[in-house]
Amino acid sequence: MVSLYGDERIDYLLAKKDKRIIQSPSVFAFSLDAVMLAHFTYVPKTRGKILDLCTGNGVIPLFLSTRSSVPITGVEIQERLYDMAVRNIELNGLEDQLEMIHGDLKDMPAYYGNNKFDLVTCNPPYFPTPKKEEQNDNEHLTIARHEIYCTLEDVVQACSKLTKSGRKVSMVHRPDRMVEIIELFKKYKLEPKRMQLVYPKAGKEANILLVEGVRDGKPGLKILPPFYALKDDGSYTDELREILDGE
């Protein structure tokens, strides 16, 4: 049995209850953006390898392991979150498929050299670094949400360098940074190929952006239908319920 520290708890990853995950409200707990990125992204099934940057407690690798048998590596800069991710691998008995690296995503291109990936996923910090007085009192949440250790450009550049030519990068972010993301993708030879906006419910502004790029790809962007998370009464839509049920 794995150890738990502080306010950590063990949750089910999906409604089917075949995967579990260690979480903490004060350190890291995954939200809809991670669920949607894992659902949105292309995943190599039996050949290739996957890298997840800003992996947190390893939630994206855990999700992707339900869709693929290829090796999956997560990279996390915060030691506390990295430790949670390592224990999550152990909790689910996935040591033969998943591994974690405690490190800075900016160092990964040099670390891997020409040993590149078929898919790179990332749920990066969303917000530019605020003034010190505007930052969250919780250091873990500040680092996860704000560009303290990496900028959006750092993230896109690393994703590009770590991806094989013709292979894919999938990212989740905020809609208000869509133009910046597309510009950076183009700058670093990631051709935007698919995009989808997620809305909390009909009539509300989108609050999640999903985007996929192909390294050295040809132009041609597909905009997928909008995804609505909740019905008017606040219950899950059928589309979201299918994802949460692991279908």
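Analyst: Happy to! Let's start with a definition: buried means under 20% relative accessible area, exposed over 50%, and partly exposed in between, using a 1.4 Å probe and protein chains only. Also, this is a predicted model, where local features need pLDDT of at least 70, side-chain atom pairs count only at pLDDT 80 or more, and totals for chains, interfaces and linings use all residues. Residues are numbered from 1 along each chain as its sequence is written, and side-chain values use heavy atoms, leaving out hydrogens and water.

User: Why is T55 called buried?

Analyst: T55 has a relative accessible area of 2%, and the cut-off is under 20%, so T55 counts as buried. T55 lies in the loop between β3 (50-53) and α2 (59-65); helices (H or I, at least four residues) and strands (E, at least two) are DSSP runs, numbered from the N terminus.

User: What does T55 touch, not counting residues up to four places away in sequence?

Analyst: With contact meaning heavy atoms within 4.5 Å, T55 touches P61, G74, V75, E76 and M100.

User: How do you know that the span of helix α3 agrees with what it should be?

Analyst: The expected span is 1.5 Å times one less than the number of residues. For the 14 residues of α3 (79-92) that should be 20 Å, and the end C-alpha atoms are 20 Å apart, so the two agree. Just after α3, G93 takes a positive phi of about 65°.

User: Which residues of α3 are buried?

Analyst: They are L81, M84, A85, R87, N88, I89, L91 and N92.
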